[in-house]
Amino acid sequence: MGTGPAFDEIMGDGGAATARAEFSALGAWLDTTDAAELRRRQQSAEATFRQLGITFAVYGDEDASERIIPFDIVPRVFLADEWKRLSEGLIQRVQAINLFLDDIYGERKILKEGILPDDLIFGNPQFRPEIAGMRPPHGIWAHICGIDLVRTGPDDFFVLEDNARTPSGVSYMLENREAMLRLCPELFRQFRVAAVDSYPDRLLATMKSVAPPGTGSNPVCVVLTPGHFNSAYYEHSFLADSMGIELVEAADLIVDDDIVWMRTIAGRVKVDVIYRRIDDDYLDPLVFRPDSALGVRGLIAAYAAGNVAIINAPGNGIADDKAIYSYMPEIVRYYTGAEAKLPNVQTFRCREPEALQYTLDNLEELVVKLVDGSGGYGMLVGPTASKDEIEKFRAALIAEPHRYIAQPTLALSTVPTLVEQGLAPRHVDFRPFVLTGSKGIQVVPGGLTRVALREGSLVVNSSQGGGTKDSFVLMDNGPRQRQSQVPNA
């Protein structure tokens with residue numbers, strides 16, 4: 001897992017001039033489509049995104065508070081057998097995450113048996129003691145997971161981090177596909193690509209399946225947003241619209257006698273399932289931050305009474321924590337009785353003296369992250385950091401070692417990407433979306449591929465200048481699956 005030449009997913013090892021045999025049709029498409037034509041199509045997609053308002057906010061950036069995430073026209077492609085293996089690993093991991101959350105807010109057997117140190121849970125700001133003893137409807141905590149994966153070789157996939165709070169990016173998965181269907185229909189005639197446009201239907205079915213028992217055959221579901229100033233507001237409104245359910249803010253909801261009601265022109269309507277896009281801290285001012293104007297007073301009491309399902313469940317943030325991540329191989333083994341099908345990246349827990357010393361001695365070669373960080377912030381990429389940045393991180397590590405983990409710098413796989421000079425390899429990661437309802441776990445056949453647009457960069461986050469690509473999952477030789485809006489397909 002060193003930093004040698006990266007494996008290119010289309011071209012193979014060693015920067016070959018021709019595509020891997022499985023991708024010869026894609027290689028031919030790239031060879032025969034003029035770079036200017038590719039650029040025209042790419043600009044057309046970005047113009048559409050701008051018109052639709054698919055933007056995200058960069059906090060602290062006064063120049064451009066709202067931006068579109070750059071889109072790349074060259075798709076990333078997963079073979080059917082690769083996807084089958086990834087799906088099995090993702091299902092196993094999400095199953096373990098749900099069992100872990102149920103345990104640490106319940107009996108805490110994993111702590112009693114000494115698999116995890118107590119202070120890793122109880123000293124963790126993402127652990128919510130207020131939730132202990134509560135159980136979500138059907139015992140499901142993480143209904144929507146975005147599990148970030150990286151690849152270093154033909155058969156080498158690793159989990160980079162788990163997102164079980166409010167994973168975002170699914171609107172990009174859907175809009176990227178819409179753009180590719182419109183702009184590159186010939187690719188869908190050459191490749192049998194699994195459709196992703198069923199995601200909103202799958203999400204709504206998942207939500208309805210976890211409604212509290214006794215709700216009835218048509219539970220009322222809503223999306224709760226902090227409002228249009230939030231960086232992912234487009235996605236909140238997009239998903240509510242796609243599912244045909246109400247997008248609400250805190251002022252639209254009221255809790256009366258432990259039941260959640262939505263205010264409407266026609267009067268109050270009882271709410272059964274809330275897909276919240278608000279962090280725990282702001283969810284209910286009676287339980288968490290009392291100064292929150294974004295939350296709903298009494299929501300947690302209604303949840304505790306079993307009268308409403310909250311997706312994802314309050315308290316899930318502990319499963320996202322990068323110190324907990326470092327124990328995921330043990331967590332998977334403990335709850336499923338099997339070895340993890342998707343391995344972690346090797347991780348040094350700086351809270352442990354030996355790991356801290358190793359990290360301090362090798363800062364120039366490692367990636368160091370805050371255990372509760374996200375979006376590429378609070379992170380050191382040793383090989384590309386300045387001496388000044390390294391010394392600042394050294395001081396921070398020594399002062400608060402428990403707040404950091406370190407990992408080797410991986411040679412992330414690359415995919416050909418359209419840059420100013422033409423096509424060039426750029427590093428990618430991947431966020432597939434996993435839905436868990438009362439009827440089981442399903443992996444959406446696609447996901448969000450993020451690409452580091454700067455040459456040599458390993459940082460793919462949109463907040464740090466990354467872009468996105470469509471992610472093709474190829475199907476086996478079964479019947480062709482309908483792709484909406486493919487001309488002459």
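The protein chain you see above has 15 helices and 22 strands; these are DSSP runs numbered from the N terminus, with helices (H or I) of at least four residues and strands (E) of at least two. Its radius of gyration is 23 Å, close to the 23 Å that the globule rule gives for 489 residues, so the chain is as compact as a globular protein of that length. That radius is taken over C-alpha atoms, and the globule rule is 2.2 Å times the number of residues to the power 0.38. This is a predicted model, in which local features need pLDDT of at least 70, side-chain atom pairs count only at pLDDT 80 or more, and totals for chains, interfaces and linings use all residues. Residues are numbered from 1 along each chain as its sequence is written, and side-chain values use heavy atoms, leaving out hydrogens and water.

**The whole chain**

- Along its principal axes, the C-alpha trace spans about 65 × 60 × 50 Å.
- Of the 489 residues, 56% count as buried (buried is under 20% relative accessible area, exposed is over 50%, and partly exposed is in between, with a 1.4 Å probe and protein chains only).
- The chain exposes about 20,400 Å², and carbon and sulfur atoms supply 50% of that area; the areas come from the Shrake-Rupley method with a 1.4 Å probe.
- Among contacts (heavy atoms within 4.5 Å) with a separation of 6 or more, 69% join residues 24 or more positions apart.
- The mean positions of the 48 positive and 66 negative charges are 3 Å apart; here Lys and Arg count as positive and Asp and Glu as negative, while His and the chain ends are not counted.

**How confident is the prediction?**

- The mean pLDDT is 90, and 92% of the residues reach 70 or more; pLDDT is the predictor's confidence in each residue, from 0 to 100.
- Over residues 58-64, the pLDDT is below 50, and this stretch has eight contacts beyond near neighbours in sequence.
- Residues 478-489 also have pLDDT under 50, and the model gives them 30 contacts beyond four places in sequence.

- Met-173 sits in helix α6 (residues 170-183) and counts as buried because its relative accessibility is 1%.
- Leaving aside residues up to four places away in sequence, Met-173 touches Val-196, Tyr-199, Phe-433, Val-444, Gly-446, Gly-447 and Leu-448.
- Met-173 and Arg-431 are 258 residues apart in sequence, yet their C-alpha atoms are 9.5 Å apart in space.
- Glu-161 belongs to strand β5 (residues 156-163), and its relative accessibility of 15% is why it counts as buried.
- Glu-161 touches Gly-146, Ile-147, Asp-148, Lys-322 and Tyr-325, again not counting residues up to four places away in sequence.

**Backbone angles worth a look**

- Most residues other than glycine have a negative phi, and most peptide bonds are trans.
- The peptide bond from Ile-311 to Asn-312 is cis, with omega near -15 degrees, and Asn-312 lies in the loop between β12 (309-311) and α11 (317-320).
- Arg-108 has a positive phi, near 60 degrees, and lies in the loop between α3 (80-104) and α4 (109-112).
- With a relative accessible area of 23%, Arg-108 is partly exposed.
- His-138 has a positive phi as well, near 65 degrees, and its place is in the loop between α5 (118-122) and β4 (144-153).
- His-138 counts as partly exposed because its relative accessibility is 42%.

Definitions and conventions. Charge placed at Lys NZ, Arg CZ, Asp CG, Glu CD.
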